[in-house]
Amino acid sequence: MTEHPTTSWQPMQDGTVFYRRQQLYTIASGKLPDLSDYIIAGGRYGGPIALMRDSSKIIALGRAAPSLGKSQIQVYSPAGESLLLFSWDQGRIIRFGWNSNEQLVVLNEEGVYRLYDLQGDYQQHSLGGEAGELGVIDARIHENGLVAMTGSLTLLEVKGWEGGRPLALANPGLSEPPTTWAIIPPDLNISRHVEVLLSVESTIFSIDNLENVDQRLSRGPFTHISPSPNGKSLALLTFAGTLWVVSTDFQRSMAEFETRDLAGGDQVRQVEWCGNDAILVTWNSLALLVGPYGDTLQYFYSTPTFATTEPDGVRILASDVCDFVQKVPASSLSIFRPGSTSPSAILYDAWDSFTQRSPKADESVRSIRPDLASAVDECIDAAGREWEPFWQRRLLNAAKFGRGFLDLYNPTDFVNMGQTLKVLNAIRFYEIGIPLTYSQYLYASPTNLISRLTSRNMHLLALRISTFLSLKPDAVLKHWASAKIMRSRPTTSGVGKDAELSGDDEVCKLIVEKFQQLGGADVSYADIARRAWEVGRAGLATKLLDYESKASDQVPLLLAMKEDKLALAKAVDSGDTDLVYHVLLQLHKKLPLGSFFRLIEDGGSKLALAGRLLEVYAREQNRGMLRDFYYSDDRRVESAVLSLDEAERMTDPAAKLSAVQAAQNFFGQEKERAFEAKMMEESSRLLAFQQQLEKESNGKIAFFGLSVNETMRICIINGMSKRADKAKADFKVPEKRFWHVKLRALTETRDFESLDAFSKSKRSPIGYEIFVRHLVEKGHVREAIPYVSRCDPPKKADLYVECGEWRMAGKECKERNDKAKLEELRKRAPNTMIQRELDQIASTMK
């Protein structure tokens, strides 16, 4: 029968507090070496341990236990199972430790650090040139960064694990390295900045990014500095062997304990916290737990140990056993403490009586009826705190029994606890080797647990847990696919490229089928394809990308893979113009101009949208590229139109003329554009003629860029009538248009003599009515009257009226014997005087 939970309990503080040592795993002989010969780093939350041989110690050969080379690091699970072995090929290792992603961070003396996952893959970063020149002599690694001490005794901080630039902390002003030092991580510090604690002579310096504060202590120097998991307390061990517990602001002294007479004078190996309430001091074969009031508990081991602080206890690893020491949880203490009369203890006894068919069960339940709901909750919580499944079941059965007496009770906590315990018992199995407690599981979250399982390539267990907890399997499937790609090899059913393609088809089909079968609809195929490409499987990456539904994820990878045409096609198919522009601009930067244009042209109708978008962009931003694009595509008409558009924007005469001639040349190469070519030829001649006119006027008169009509008008205005006649002849200006232009030009200059001479030079092709109307419109009524006599007789009367000559209009009606017109004029007369004059004219008519 499984031992009662209280068997491992030991009292402190006069029996008011109990601590228990739970044996997690028994490790077979020979699995782990003698830990005293190794430098060790342990991961929190039931994480693995990493061992590196301590080169300062001599190791005897021929031992049964495994031994490592000087440049090797071995990773074990807490159950003693080997997870990873790798060799270090860089400079001397200064420090290694675990981050929050369960990656092993290894830092060397040159400031280079690597992040190893549990498969041996790593990412490499550097602390920069300064650290490389000065060298790194020590470091401290926490879950979300590290602090390194350089050869000049300055401190550099790295935040996060993305390879960011290190930040210099305040200068500690040291002349020699500290005897020991520690850090308080930013998430545990009220300032949210890392705090470094240096033991210097008899005091401690507190250093952050802004200042260096001397705490003015007198009890140093110290051999160990250990911050508590919540960052509120410090455990300090002096050279004299005094364990001193203080607050992190050094304002409160909490406890003192003398350790020098213990363990026969051996040197203290570690000072670690057991939760936030007690401190574990270890020697080679002794682990001493010191309570808040100086109470102690001793744990003896046959081999040297290594302790890892956990938020709710401390994990102790020896070469033959792995234990977990913690303060007995309140719920367990309430139920199992001898003589307990709490409602939860009574409920547990009632259930036990019920299983033995004792009538005492009903009496016990009735006695705690007001507190029954809280008793049920406490039994459920206690079940999560127990390690053995036997006691977990008993406590859950007690909670289930008590729940039956409640009218209204939400069973969610009961169901969740049952699920959680199934998960915890599965991962605690020695072959898995993740001894998570219930508190650690709640803090780290199920998602983090899934990530830890996949990092160990335990995909089946991770998938089953995801399904059991109703979590999306995407993260598991993604990691499984990446691992499958890494392990798979192209089939040998061919040679060279054919063999690889055959293998790619098989792997791609397997991945897609698995995703469809297990519901990985939200998994990004692009991420998996990128992994395939990174390991040299470009063909497989391309095939996987065909299943990616988001073009915005497909295209960047295709560009990185140099699948330019496919990337552009995918972008066009997506209908996302921004994505198409992104691809076009990337290709324009990367490819020679000819290759860039040829890629678009060879795409035909599939890439027609890309071509049009390129035109729109180039027209606004890069006309030179648009010109080259039209030229490469042999699009002469578009090239001609572009030249004309550019000519319109130009101000330099020579450049403008060249642009028009270029347009003429492009139009001339198209048989169907003979008319446009002719127009461009005339436009070129006009521009050349205008340049000549400007030279003749010594640049005083601007002609360039004007139309033919405007050119003739300016010539006439400036007395260059012969040049206007030449323009008329050279550009075959119709006679009517020329007369209109000259009429307006001479009117504008008030050269009425020249206008009269011009009107008499030959019969006007536009008639003389236009002369009258234009002169009246411009306010030259008197000059307009002589031209009325040359107009058609039926219109003379109205024209005289427009000139204000009503009497002459009346005489014209009399000469033509047009009584009706005269009567009309009389009615329109502006005043009675004019009416009387018109009446007199009318009276003389027969």
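Strand E2 (residues 17-26) gives the largest share of the lining of the second largest pocket, 4 residues. Strands are DSSP runs of at least two residues (E), helices of at least four (H or I), numbered from the N terminus. This is a predicted model: local features need pLDDT of at least 70, side-chain atom pairs count only at pLDDT 80 or more, and totals for chains, interfaces and linings use all residues. Residues are numbered from 1 along each chain as its sequence is written, and side-chain values use heavy atoms, without hydrogens and water.

**Second largest pocket**
- Its volume is about 280 Å³, taken as the space filled by probe spheres set on grid points joined across faces, edges and corners.
- A pocket is an open set of points on a 1 Å grid over the protein atoms alone, where a 1.4 Å probe fits, with protein on both sides within 12 Å along at least five of seven lines; lining residues have an atom within 4 Å of a point.
- Of 14 lining residues, Glu-3, His-4, Ser-8, Gln-22 and Glu-388 lie nearest the centre.
- The lining holds 3 nonpolar, 6 polar and 5 charged residues.

- Strands E9 (residues 112-116) and E10 (residues 122-126) pair in the antiparallel sense over 5 bridges; pairing takes at least two DSSP bridges.
- Arg-114 has Gln-124 in E10 as its bridge partner.
- The hairpin has 5 residues between its strands, and Gly-120 in the turn has a positive phi of about 90°.

**Ala-541**
- Ala-541 sits in helix H14 (residues 538-545).
- Ala-541 is buried, at 0% relative accessible area; buried means under 20% (1.4 Å probe, protein chains only).
- Beyond neighbours within four places in sequence, Ala-541 contacts Ala-529, Ala-532, Trp-533 and Met-561, with heavy atoms within 4.5 Å.
- Ala-529 is 12 residues away from Ala-541 in sequence, yet 4.1 Å away in space, C-alpha to C-alpha.

Notes: Buried < 20%, exposed > 50% of the residue type's maximum accessible area, 1.4 Å probe, protein only. Nonpolar A, V, L, I, M, F, W, Y, C, P; charged D, E, K, R; others polar.
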